[in-house]
Amino acid sequence: MADADSPSAESLLETPLATLHRALGARMVPFAGYAMPVQYPSGILAEHNWTREKAGLFDVSHMGQAFLEGPDHATTARALEALTPGDFLGLAPGRIRYTLLTTAEGGGIIDDLMVTRPADAADGTLFLVVNAARKAIDYAHIAANLPEGVTLRPIEDRALLALQGPLAAAVLARHVPGAETMGFMTAADTAFDGIPVAISRSGYTGEDGYEISVAATEAEAVARALLAAEEVKPIGLGARDSLRLEAGLCLYGHDIDEATSPAEADLGFAVSKRRRAEGGFPGAGRIIAEFADGPARLRVGIQPEGRAPAREGTEIRDASGTLVGLVTSGGFGPTAGGPVAMGYVAAESAAPGTPLTLSVRGKDLAARVVPLPFVPHRYFRKKTS
């Protein structure tokens, strides 16, 4: 999980839950400049399965949290729309939207992020959650491109927890009555056993669940209260990666980056219908054209045959032996029951069922293109009459 050029242990930042992680027996590793738990004594496989079956608690406090603030919602929304292809003018209070910061030069992805319009905050405020490894870049980029009257205010004194799994709603409702009725991609400012929190019904495992933003000084109390439930166990970065891979979700710096466009990454849902029609966002020319005509390459699911996993960087060849792409994420999928991978291939090799060859440790292994996700999403959807 750690990069080769990861900083020394002495220079690593720590989240407000670092002491708790060590008390729980976590193995800590460098990740995005922080000391983070990669696994606990039960191991990655057990943590993965526990999250799929019950409820896992993740520390994601390394991610960036910030408020984008303006005089009214329309002004703030337009400021963010000038940097992303999302529709924020139409974002209702209490709703969340996934979006992308894109480059003006080529429509590449600077970062992917979550944007909430708080239901109870002053109108003109949007809440942003960005990736840990990109937050300094994101903050600088956003701040440098805001109109007069709109400001970015990073929040440095809050933690962020993720409670994920089919039993997450039942557990959280014991501390936050009514949490179980929230719909997917909605948010609320509320209280956890009297502690002020902002919760969203969202996450990055493919399971139902929540993210909980709380003051750093109160984070351990919230975490310990959740871990006191027999349904909840702490989960590290190892299982977080295998869960998101099975769910077909991108990891920045691996599956998406500044050389990748939203169309190539199969992230069309992040580019709203109105924005495709109007344009006006960075890289709109390339992005809109690729959605209309198709990109030259596409992110696809890849199912290797046998038991050997195909890791990031594995070469992908077509039936004739021509190099058509590279694996960007790969490993063993515990719920899928075998190796799974994602990668980019030439558009003519992207149809489900297309046979491929993977070069793994000097051997050619058969594989095929499969639809994503590998494991169906189980997000909570409210029934409508």
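Colleague: What is the mean pLDDT of the chain?

Modeller: This is a predicted model. The mean pLDDT is 96. Of the residues, 97% reach 70 or more.

Colleague: Where is the pLDDT below 50?

Modeller: Over residues 1-6. Beyond near neighbours in sequence, that stretch has 7 contacts in the model. Where pLDDT is low, the predicted coordinates should not be read in detail.

Colleague: OK, the inside. Which residues of the largest nonpolar core touch the most other members?

Modeller: Leu-163, Leu-172, Ile-199 and Leu-226. The core has 27 residues.

Colleague: Which strands and helices each supply at least two residues of this core?

Modeller: Four strands are E3 (55-59), E9 (158-164), E11 (195-200) and E12 (209-215). Helices H5 (168-173) and H6 (219-227) do it too.

Colleague: Stay with Leu-172. What does it touch?

Modeller: Leaving out residues up to four places away in sequence, Leu-172 touches Leu-163, Ala-179, Phe-192, Ile-199, Tyr-210, Ile-212 and Leu-226. Another core, of 20 residues, lies apart from the largest one. Its members include Ala-77, Ala-79, Ile-110 and Leu-126.

Colleague: New topic. How many strands are in the closed barrel?

Modeller: There are 6, in the order E14-E17-E16-E15-E18-E19, with antiparallel pairing. On average, neighbouring strands are turned by 40° against each other, direction ignored.

Colleague: How many bridges join E16 to E17?

Modeller: 8 bridges. E16 covers residues 323-333, E17 covers residues 338-346, and the two run antiparallel. Within that pair, Leu-326 stands opposite Tyr-344 in E17.

Colleague: Which helix packs on that sheet?

Modeller: Helix H7, residues 237-246. H7 touches E16 and E17. Its direction makes about 125° with that of E16.

Colleague: Last one, H9. Which residues are buried there?

Modeller: Ala-284, Ile-287 and Glu-290 are buried, in a helix spanning residues 284-293.

Colleague: Why do the buried residues of H9 line one face?

Modeller: Look down the axis of H9: the buried residues fall within an arc of 140°, so they line one face of the helix. They pack against strand E5 (95-102).

Colleague: And what is exposed on the other side of H9?

Modeller: Gly-285, Ala-292 and Asp-293.

Colleague: Which residue follows H9?

Modeller: Gly-294. Its phi is positive, near 95°.

Methods
Residues are numbered from 1 along each chain as its sequence is written. This is a predicted model: local features need pLDDT of at least 70, side-chain atom pairs count only at pLDDT 80 or more; totals for chains, interfaces and linings use all residues. Side-chain values use heavy atoms; hydrogens and water are left out. pLDDT is the predictor's confidence in each residue, from 0 to 100. Contact means heavy atoms within 4.5 Å. A nonpolar core is a set of buried Ala, Val, Leu, Ile, Met, Phe, Trp, Tyr and Cys residues joined through side-chain atoms within 4.5 Å. Buried means under 20% relative accessible area, exposed over 50%, partly exposed in between (1.4 Å probe, protein chains only). Two strands pair if DSSP finds at least two bridges between them. Axes are lines fitted to C-alpha atoms, for helices over the stretch in contact, and angles run from 0 to 180 degrees between N-to-C directions. The arc is that of the directions from the helix axis to the C-beta atoms.
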